[in-house]
Amino acid sequence: MTVIECASIVLGPLTAQYLGDLGADVLKVEPATGDLTRHIGPRRSPTMGSLFLTNNRNKRSVVLDLKNPAGRATLDRLVDRADVFLHSVRGAAAARLGLDHATLAARNPRLVYCHVKGFADDGPYGGKPAYDDVVQSLSGLAMLQTVVTGEPRYMPSILADKVTAVHAAYAVTAALLHRERTGLGQKVDVPMLETMAGFNTVEHLWGATFEPPLGPMGYEPVSTASRRPFATRDGYLSFLPYSDVQWKRFFSLIGRDDVMEDPRFATFAARQQNVALVWGEIGHQLTMRTNAEWTDLLGHEDIPFAVVNSLDQLTEDPHLVGTGFWQLHEDPVEGTLRLPTSSLGLSESPAGVHRLPPRLGEHTREILTEIGLDDAAIARLAAEGGTDLDPA
């Protein structure tokens, strides 16, 4: 499958990267200045910033100026041969460039056209600009942090971009399956706000699941300041004995069978009604031992727990190392790169890193040749401003 990506920053590029992990030939169409993320983060080369490297594996880069008539006409030739067209340009601007669904589907009726955006077009926010912070705010995610901080805060992760990218990748995959069965392409719209509103209310719709509501929104066991990693004697531990069996086993291991005689802790239902007390009791017990001591005690028990990793520790986590999640790749220009591989385990069509992130315009000549342009035609396109064969 050939995917044309006309997107920048994270949402669109990450969607295309997921499709590339699964084997798609992703053609990343960039201006001569490149995707903005090329210039963000530590780098060895001017246009190969770390944020770009983590969102653009398994792609080829072609430089086209889509505001230039010759460059725009060249994109049409790519669309004619493509299976998927993915973009994150706002609707009005896309229409001005002739990148709307009607225009491209007229050229290629089998095209799966995917538009990732901030908001669905038919609502009052349709067409407005949106970034991760905006969507975290509107979707209720920022306000959820008040239980921890006392005031709204953004998650220290571009969660809205990343969650929406996952949804967009599976929506495109579903549309491709539909096309294989019917021969028909289609338009796929994936808005960030609607995606995150659904994501956030899986547990938190709660009483508002019913009309009229049977109570307020919000799932108390997770929306409490008491829900946090617990301090041990020398670090932090994530710990959750969930079932009655796990609770009884834990307190038996630490020699406190008497705790389970307390009616507030004795059953799952009782613990749900006494959440703060439950977390308080666990927190008190965990301060008694070090992380290593708890790991020795609980390591062979069927009780969920984990040492709390810092970001720096992820590259050395024994499980991630043991599964080969982190891979070192040798790039002829960038040197050694550490990249995560796909987390998907497909036995017959494995996903993974098939191609290292491309340098800006690295594949321009190669791709233009594939659509029938000879050296003279490529030179004319460059002279007309449709492409840049030596981008900055």
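1. A residue counts as buried when its relative accessible area is under 20%. Asparagine 68 has a relative accessible area of 13%, so this residue is buried. Asparagine 68 sits in the loop that runs between β3 and α3 (69–81). Apart from neighbours within four places in sequence, asparagine 68 is in contact with Glu384, Gly385 and Gly386. This and everything below refers to a predicted model.

2. On the division of the chain: the protein is split into domain 1 (2–199 + 342–384) and domain 2 (230–307). The centres of domain 1 and domain 2, taken over C-alpha atoms, are separated by 45 Å.

3. Strands of a sheet pair through backbone hydrogen bonds, in either a parallel or an antiparallel sense.

4. How are the two faces of strand β4 (residues 84–87) covered? Val84 and Leu86 lie on one side, Phe85 and His87 lie on the other, and all of them are buried. Strand β1 (residues 2–6) runs parallel to β4 and is joined to β4 by four bridges. Within that pairing, glutamate 5 has leucine 86 as its bridge partner in β4. Strand β5 (residues 112–117) also pairs with β4 in the parallel sense, over four bridges. Valine 84 stands opposite valine 112 in β5, and the bridge partner of histidine 87 in β5 is histidine 115.

5. The axes of helix α9 (residues 159–182) and helix α10 (residues 192–204) come within 9 Å and cross at roughly 95°. With that angle, α9 is roughly perpendicular to α10. The contact involves Leu159, Ala160, Asp161, Val163, Thr164 and His167 on the α9 side, and Met192, Thr195, Met196 and Phe199 on the α10 side. By class, the residues in this contact of α9 with α10 are six nonpolar, three polar and one charged.

6. Is helix α1 (residues 11–21) largely enclosed or largely open? Of its 11 residues, 10 are buried, so α1 is largely enclosed by the rest of the structure. The buried residues of α1 are Leu11, Gly12, Pro13, Leu14, Thr15, Ala16, Gln17, Leu19, Gly20 and Asp21. Just after α1, glycine 23 has a positive phi of about 115°.

7. A second open sheet has three strands in the order β7-β8-β9, with antiparallel pairing. Its edges are β7 (230–231) and β9 (305–307), each with a single partner strand, so one side of each has no neighbour in the sheet. Two bridges pair β7 with strand β8 (residues 236–239) in the antiparallel sense. Phenylalanine 230 stands opposite leucine 237 in β8. Helix α14 (residues 291–298) lies across β8 and β9, and runs at about 150° to β9.

8. Most residues other than glycine have a negative phi, and most peptide bonds are trans. Isoleucine 9 is not a glycine, and its phi is positive, near 65°. Isoleucine 9 is in the loop between β1 and α1, and at 24% relative accessibility isoleucine 9 counts as partly exposed.

9. Tryptophan 206, again not a glycine, has a positive phi of about 45°. The loop between α10 and β7 holds tryptophan 206, whose relative accessible area of 46% makes it partly exposed. Proline 212 also lies in the loop between α10 and β7. The peptide bond joining glutamate 211 and proline 212 is cis, with omega about 0°.

Terms used:
Residues are numbered from 1 along each chain as its sequence is written. This is a predicted model: local features need pLDDT of at least 70, side-chain atom pairs count only at pLDDT 80 or more; totals for chains, interfaces and linings use all residues. Side-chain values use heavy atoms; hydrogens and water are left out. Buried means under 20% relative accessible area, exposed over 50%, partly exposed in between (1.4 Å probe, protein chains only). Two strands pair if DSSP finds at least two bridges between them. Contact means heavy atoms within 4.5 Å. Axes are lines fitted to C-alpha atoms, for helices over the stretch in contact, and angles run from 0 to 180 degrees between N-to-C directions. Angles under 35 degrees count as roughly parallel, over 145 as roughly antiparallel, 65 to 115 as roughly perpendicular and the rest as oblique. Ala, Val, Leu, Ile, Met, Phe, Trp, Tyr, Cys and Pro count as nonpolar, Asp, Glu, Lys and Arg as charged, and the others, Gly among them, as polar. Domain bounds come from an automatic or database domain assignment.
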